[in-house]
Amino acid sequence: MAPSPTSGIDPIRVGVIADQTGPLSFVGLANANVARMVIGDINAKGGLLGRQLELHLEDGGTDDAVASAAATKLVEREHVDVIFGGIYSSTRQAIKDPAVVKGKTLYIYPEQYEGAESDPLIFCTGPGPAQQVDPLIPWLMRETGARKFYLPSADYIWPHVLNKRVREIVSANGGSIVGEEYFPMDHMDYAATVERIASSGADAVFNTIVPPGVTPFLEQLYDSGFSNRGGQLVCTYFDENFLNMVPAAHVEGLYGCLDYYQAVADPFSQKLLAQYDALYPGDAKFTGGGACSGLYRGFRLWASAVTEAGTLVQEDVIAALDHAAIAQGPGGPAAVVPGEHHVRMNMYIAQARGGRFEVVESLGAIDPQEGQVGTLALAR
């Protein structure tokens with residue numbers, strides 16, 4: 001059953017699963033910091049419904065089995081009212097079974113991803129393909145002349161689904177896919193792949209290899225002279241935390257498309273970055289590609305929904321969350337598109353230059369263009 005709303009002065013229990021150890025720890029630690037920061041802000045202003053928020057933070061370990069166990073604990077032992085977290089799409093699926101399918105608990109997934117998640121109890125607060133691939137690929141082909149794309153990929157749901165969208169968009173714009181390969185996430189030797197990229201005549205590499213394998217792949221691609229030959233490197237999840245993983249030269253010129261970069265200059269985004277940096281100095285930065293921006297957005301949208309509902313009754317919170325909006329957030333305002341459980345948000349194309357991202361195109365607000373989600377009754 002769903003967690004029952006508590007009464008009186010009992011805290012509101014908020015579950016967060018962040019990959020604080022393992023290959024994604026450099027972004028998971030930042031996610032944990034965002035959770036602490038936003039909950040601290042809300043509690044400092046009196047909490048929600050006159051109650052303080054109590055953070056139940058679990059380490060996902062960059063391991064789907066660990067994340068699944070964490071979700072089970074949050075539902076069955078901690079009785080949380082909502083769960084946030086997950087970066088890899090396989091982790092989202094690992095959390096979904098104990099949290100949503102069995103636990104009937106509201107789950108907010110904050111990461112940019114492949115789209116098409118459709119469950120009455122799940123809301124996705126990062127961008128999807130219509131907000132990343134659809135605007136980025138035509139822009140890249142128009143601005144750089146790239147026509148032949150190679151797709152080196154990790155072998156799990158996000159790359160497979162995203163690459164299908166890339167193939168459609170590239171083909172529709174007069175280009176072609178000259179290679180597509182899939183590897184285990186911990187695969188580390190890409191010499192043969194890099195040779196095939198060179199021999200294919202590819203002028204663009206659309207990368208969905210993820211940590212830990214992405215670091216050696218980028219090094220081997222750089223050593224091959226791909227960029228020096230004028231090749232374009234594209235990676236839609238790359239942000240400032242990922243830049244810190246690799247020598248700047250290995251990703252010089254890399255293009256991405258996200259809902260937030262640290263270079264976004266609106267006053268609220270700059271104020272938020274300054275607040276985070278003051279609270280959490282160090283290497284785990286507030287960024288877009290590793291779910292920090294989506295996590296912040298998700299917390300604020302959920303808090304707005306709870307406030308509007310005036311209760312923690314799950315059905316009422318979901319009904320309010322279905323049209324929740326925030327006037328300020330990282331990258332700009334955001335709003336849940338009614339019926340879709342995904343969020344309209346500002347999007348930006350950026351390029352890595354000298355070890356930092358510079359915004360080269362502000363795309364404005366873009367709809368997620370996801371399908372309508374079924375009614376809550378279907379989740380029971």
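Select helix H2 (residues 64-76) together with helix H3 (residues 89-102): the two pack at an angle of about 30°, and their axes lie 8 Å apart. Helices here are DSSP runs of H or I with at least four residues, strands are runs of E with at least two, and both are numbered from the N terminus. Axes are lines fitted to C-alpha atoms, for helices over the stretch in contact, and angles run from 0 to 180 degrees between N-to-C directions.

H2 contributes Asp 64, Ala 67, Ser 68, Ala 71, Thr 72 and Val 75 to the contact, and H3 contributes Ser 90, Thr 91, Ala 94, Ile 95, Pro 98 and Ala 99; contact means heavy atoms within 4.5 Å. These residues divide into seven nonpolar, four polar and one charged.

The model is predicted: local features need pLDDT of at least 70, side-chain atom pairs count only at pLDDT 80 or more, and totals for chains, interfaces and linings use all residues. Residues are numbered from 1 along each chain as its sequence is written, and side-chain values use heavy atoms, with hydrogens and water left out.

Move to His 56, in strand S2 (residues 53-59). His 56 is buried, with a relative accessible area of 13% (buried is under 20%, exposed over 50%, partly exposed in between, with a 1.4 Å probe and protein chains only). Its side chain makes a polar contact with the side chain of Glu 54 at 2.7 Å. Such a contact is a pair of N or O atoms within 3.5 Å; within protein, one must be able to donate a hydrogen and the other to accept it, and residues adjacent in sequence count only if both atoms are side-chain atoms. Leaving aside residues up to four places away in sequence, His 56 touches Arg 13, Val 14, Gly 15, Val 16, Leu 74, Glu 78 and Val 80.

The remaining stops concern the backbone. Most residues other than glycine have a negative phi, and most peptide bonds are trans.

- Select Leu 49, in the loop between helix H1 (25-44) and S2. Phi of Leu 49 is positive, near 55°, and the residue is partly exposed at 36% relative accessible area.
- Select Lys 104, in the loop between H3 and strand S4 (107-109). Phi of Lys 104 is positive, near 50°, and the residue is partly exposed at 22% relative accessible area.
- Select Pro 212, in the loop between strand S8 (204-206) and helix H7 (214-223). The peptide bond from Pro 211 to Pro 212 is cis, with omega near 5°.

Notes:
Ala, Val, Leu, Ile, Met, Phe, Trp, Tyr, Cys and Pro count as nonpolar, Asp, Glu, Lys and Arg as charged, and the others, Gly among them, as polar.
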